[in-house]
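Please examine the sequence and the structure shown here. The report below takes up a sheet, a nonpolar core and the salt bridges.

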Amino acid sequence: MPQRPKLNRRHFVAATTVAAASAAAVRPSLAQSANETMNVAIIGAGGRGGSHVSAFLGNDKTRITHVVDIDPKAASQRAGQIEKEQGKRPEIVTDMRRVFDDASVDAISTATPNHWHALCGVWAMQAGKDCYIEKPICHNIAEGRALVEAAKKYKRICQVGTQSRSSAAVQEAVKFIAEGNIGEVKLARGLCYKRRKSIGPLGDYPIPEGIDFALWTGPATITDPKVTRQRFHYDWHWQRHYGNGDLGNQGPHQTDIARWGLGVDRHPEQIISYGGRLGYRAERKDPTYIDAGDTANTEVSIYDYGDKCLVFETRGLSVDNSADEELNKLFGSTKGNKIGVVFYGTDGYVVQKTYSHCIAYDKDMNVIKEFKGGGDHFGNFVDACNRRDTDVLNADAMTGHLSAGVSHLGNISYYLGEKNKASADQISEAVAKIPSLDDNQATLARTMQHLKDNGVDTNGSPLSLGPLLKFDPEAERFTNNDEANKMLTREYREGFVCPTGDKV
Ligand SMILES: NC(=O)c1ccc[n+]([C@@H]2O[C@H](COP(=O)([O-])OP(=O)(O)OC[C@H]3O[C@@H](n4cnc5c(N)ncnc54)[C@H](O)[C@@H]3O)[C@@H](O)[C@H]2O)c1
């Protein structure tokens, strides 16, 4: 039987305080002996959890002692794999709080759904554990800030899973840009042209056998009906209660690289988004069809950083024929997915094509340099843990917070404007108001063409237009929209409230 959480919140706080004190007492010994093996608990043993398992199995400085999952099938499958390769079977745990209370655990590595990331990380750090947390590091802006503060307060090593930060190709390409090799770079375009089919009709589906749904839901409130998507795992990405759409799924890899290459270690000052969840009715030839997702599958977000600009384009419909000539040339393909970042310099371009391949072009699109090679992001985390030095990390909590923040801020504008269906002319007028170094009109025209190519009636007003939001990057508050400020956090379920501010 799956374990139900037995600790109430008061008990848990007391327990973690004790655990934090004892773990803090244990940890320095690890620093004194970099050869000591780190005990790691994997939290979330699904698709991505498998990569975490492989990474720690492949590192001779780590041992996987626990696998935590609310799905016993997922947990026992991973435990079997670990036992086979490591020799010793890890303990299977249902409730992550058990590993926070276990002083033998040095670090946790989490690949749960997004809505759990921050609470898991803050609880772990309060209990004295180092953390590797998947991207997006948080489900909302307040949670990202909480992780930054927790890492500082508890002096824990906290790495976010944007692995490009450890990739030789991307590191070298960013250095190439910083050295001025393509001139002045003020604009980056992130692309997530990644085909995403409908996740099936909105419905009332059974909770799969064995799953502890209360623990799966964690900090999110329990909805009625409880499960409205066909496939329980993974497809939560497209339901905003748990996920953040592709702007917050694939997006944080590219928003992170874009920020890095632009050299903007801060939040943007102005944001506007337009988009929609479109095309599935045309695809199914059923005008009444309601897909279970409620995040955008088509979204353009424009970010003003004062002297720099980032534009992010999300496309989930068929992406064949959907780019313009320039993007096709830069990515070297006319069809299929295009996932990457383009940096526009006064003397050329740099394109991040994959996690381990970037290309620099001159203004005439001649290749001037290629960058190849990956890296070991998990190894970088282990190294930082052993040295007890956050500066060793390639992607610390603040990096994760700022890059996930790009996604969250874009989505806030989109969600606020969701009911505001706008014509292409109205969107054109609105995007002209944001200081932007991009040709916003060309991006809009390309988006409309893409929808048309996918059978969406563009004569009407298929797209929703969000408000132009002004953001104070230091205070992390919007200055012109109270509703937007409410969306910097969420409504939490009792017992699973992510601590923020003094409560971190
Ligand atoms: N860095 C990357 O390249 C990369 C790639 C894929 C996914 N991810 C990230 O990894 C995360 C997981 O993605 P996925 O595709 O594996 O999703 P998934 O839904 O397939 O797997 C999530 C797993 O977490 C488990 N889980 C849920 N709540 C839990 C809880 N409270 N305690 C313990 N386990 C819990 C689920 O049962 C499931 O096994 C996402 O946040 C995603 O963004 C990162």
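The sections that follow describe a predicted model.

Six strands form an open sheet in the order 3-2-1-4-5-6, and their pairing is parallel. Strand 3 (91-93) and strand 6 (158-160) are the edge strands, each pairing on one side only. From one strand to the next the twist averages 20°. Strand 1 (residues 38-43) pairs with strand 4 (residues 107-110) in the parallel sense over four bridges. Ala41 has Ile108 of strand 4 as its bridge partner.

Two helices may be described with this sheet. Helix 2 (residues 47-57) lies across strand 1, strand 2 (62-68), strand 4 and strand 5 (130-133), and runs at about 170° to strand 1. Helix 5 (residues 114-126) lies across strand 1, strand 4, strand 5 and strand 6, at about 165° to strand 5.

In soluble globular proteins, nonpolar side chains tend to be buried together. The largest nonpolar core of this model comprises 47 residues, and Ile43, Val99, Phe100, Ile108 and Ile137 have the most contacts inside it. Elements that give two or more residues to this core include strand 1, helix 4 (97-100), helix 6 (141-153) and helix 13 (397-416). Helix 5 gives the most, with eight residues. Domain 1 (9-165) and domain 2 (167-373 + 396-495) each supply at least three residues to this core.

Ile108, the bridge partner of Ala41, also touches residues beyond its sequence neighbours. Among them, not counting residues up to four places away in sequence, are Ile43, Val99, Phe100, Cys120, Ala124, Tyr132 and Phe381.

## Salt bridges

The model has 28 salt bridges. In helix 6, Glu149 and Arg145 are four residues apart, about one turn of the helix, and their closest N and O atoms are 2.9 Å apart. Glu149 counts as partly exposed because its relative accessibility is 27%; Arg145, at 25%, is also partly exposed. In helix 11 (residues 325-331), Glu325 and Lys329 are likewise four residues apart, and their side chains meet at 3.8 Å, N to O. Glu325 is exposed, with a relative accessible area of 60%, whereas Lys329 is partly exposed at 49%.

A further pair, Arg189 and Glu313, meets at 3.0 Å, N to O.

Methods. Residues numbered from 1 in each chain as written. Predicted model: local features only at pLDDT ≥ 70, side-chain atom pairs only at ≥ 80, totals over all residues. Heavy atoms only, no water. Pairing = 2+ DSSP bridges. Axes fitted to C-alpha atoms, helices over the stretch in contact; angles between N-to-C directions. Contact = heavy atoms within 4.5 Å. Core = buried A, V, L, I, M, F, W, Y, C linked by side-chain atoms within 4.5 Å. Buried < 20%, exposed > 50% of the residue type's maximum accessible area, 1.4 Å probe, protein only. Domains from an automatic or database assignment. Salt bridge = Lys/Arg side-chain N within 4 Å of Asp/Glu carboxyl O.
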